[in-house]
Amino acid sequence: MGSIVIPIPDGDQGFTHDIKQEKKFQASLSSTISFVQKNKDEIRKVIHAIKVGIALVLVSLVYFVDTFYKEVGDDNAMWAIMTVVVIFEFHAGATLSKGLYRGAGTVVGGGLGSLAAILGQLVGGIGNPVVVGVSLFIFGGAATYVRLNPNIKKKYDYGVMISILTFNLVSVSGLGGESVIEIARERFLMIVLGFAICICTSFFVFPMWASDELHDSTASKFEGLASSIEGCVEKYFNEKENQSARPIASFKGCISVLNSKAKDESLLKFAKWEPPHGKFGLSHPWEKYQKIGETLRELAATILSLEGSVNSPGESLQALKESIKEPCEAAGSSLARALREIGECIMKTRRCQPGASIAPTLKVARQELSQAMAPFKLGKLDNAEGFAIACFVFTLMGVVEKLEDLSKEVEELGELAGFLQD
């Protein structure tokens, strides 16, 4: 009789197949995450564009609801669409602040415009356009003068501009004998409708929080400054061994911090408008981020001042430079480590405790630099090149002082914001 051979699958082969599939999945997931991280800004822009499209579709439904459309009319329904186009901003806080300023400007301008139109109608005849014209001149001129005030322009410029626009439109509408109060009411309702659609879309469809961006941006600056310190010290003492090692490009982190003031102030302004969400409560101390940002910019300027010492000294004082290499490199490593630790505290919303680990690290850095400064205290400064070495060491000591101030600011932020302790 012939024998029948039944193949039995090898269990190890199936297990190996599962491992390969898992590795492929992990590789695919890793590449997807890498792509998202590299193109994060572009993805956020696409999401914002989609949100604006959604808001425009929703507000345009006014034209498709016959009863509602006949009630408000074509001219007034247009105001809802205009509101969405004008006030929808990238960040949720910017949308909320702009919408509220538009609402306040509409109320003030519409109210005063209604009074001017009603007064003109009461006068009647040729006096109607005269009263409206004089009112336009007085209100428009006064509001424009107010807009020129720097404080008003910085905070309330958009609201004042909307009040001028609304005053003109409402007051002129009364010249045709129409019901000014009815027109003002319907237009205000359309603006409220557009505002509500913007807020709902901005807050509940992949919200872009300015507070999150400000928090993450502040925390990320510490890493850039830490890398700048390491790169500077490494280039200064290893210039002959490797001219291309950590070039002046290491100062890009400092330059980025120095150029961040305008963006930080903008994010701070919008963050104050945003409602409590995630890790940020109702009374989050946003002003502390401004102080931390200023201290970081001072620190970046101090680090950047080391650039002038990178190509010094000459051969005559190379031995002195070598004598301070070890303590300065140790101090640089300590400073970079302290910076990264402070930045991690902010990123993870963890209470910074300088006395626990940061203060000892800075103390070690100060001791190392004091050791490096010993030759200069003994008067070993024969020429300008010697002063250049001393300038480098003293500037590093200035970095230590700035870091001490920075750690105190971050500690106060953790206390005020109620960050958790380890």
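Predicted model: local features only at pLDDT ≥ 70, side-chain atom pairs only at ≥ 80, totals over all residues.
On the α4 side, the contact is made by Leu 112, Ala 116, Leu 119, Gly 120, Gln 121 and Val 123. These residues meet Gly 127, Asn 128, Val 131, Val 132, Ser 135 and Phe 139 of α5. By class, the contact of α4 with α5 holds seven nonpolar and five polar residues, with no charged ones.

Helix α5 itself has 21 residues and spans 30 Å from its first C-alpha to its last, close to the expected 30 Å at 1.5 Å a residue. Its buried residues include Gly 127, Asn 128, Val 131, Val 132, Ser 135 and Phe 139, together with Gly 140 and Ala 143. The cover over the buried residues of α5 includes α4 and also α6 (150-173).

Helix α10 (residues 261-271) packs with helix α11 (residues 286-304) at an angle of about 170°, and their axes are 10 Å apart. That angle makes α10 roughly antiparallel to α11. In α10 the contacting residues are Lys 261, Asp 264, Leu 268 and Ala 271; they meet Trp 286, Glu 287, Gln 290, Glu 294 and Arg 297 in α11. The residues of this contact of α10 with α11 divide into five charged, three nonpolar and one polar.

How values were computed. Residues numbered from 1 in each chain as written. Heavy atoms only, no water. Axes fitted to C-alpha atoms, helices over the stretch in contact; angles between N-to-C directions. Helix = DSSP H or I, 4+ residues; strand = E, 2+ residues; numbered from the N terminus. Parallel < 35°, antiparallel > 145°, perpendicular 65-115°, else oblique. Contact = heavy atoms within 4.5 Å. Nonpolar A, V, L, I, M, F, W, Y, C, P; charged D, E, K, R; others polar. Expected span 1.5 Å × (residues − 1). Buried < 20%, exposed > 50% of the residue type's maximum accessible area, 1.4 Å probe, protein only.
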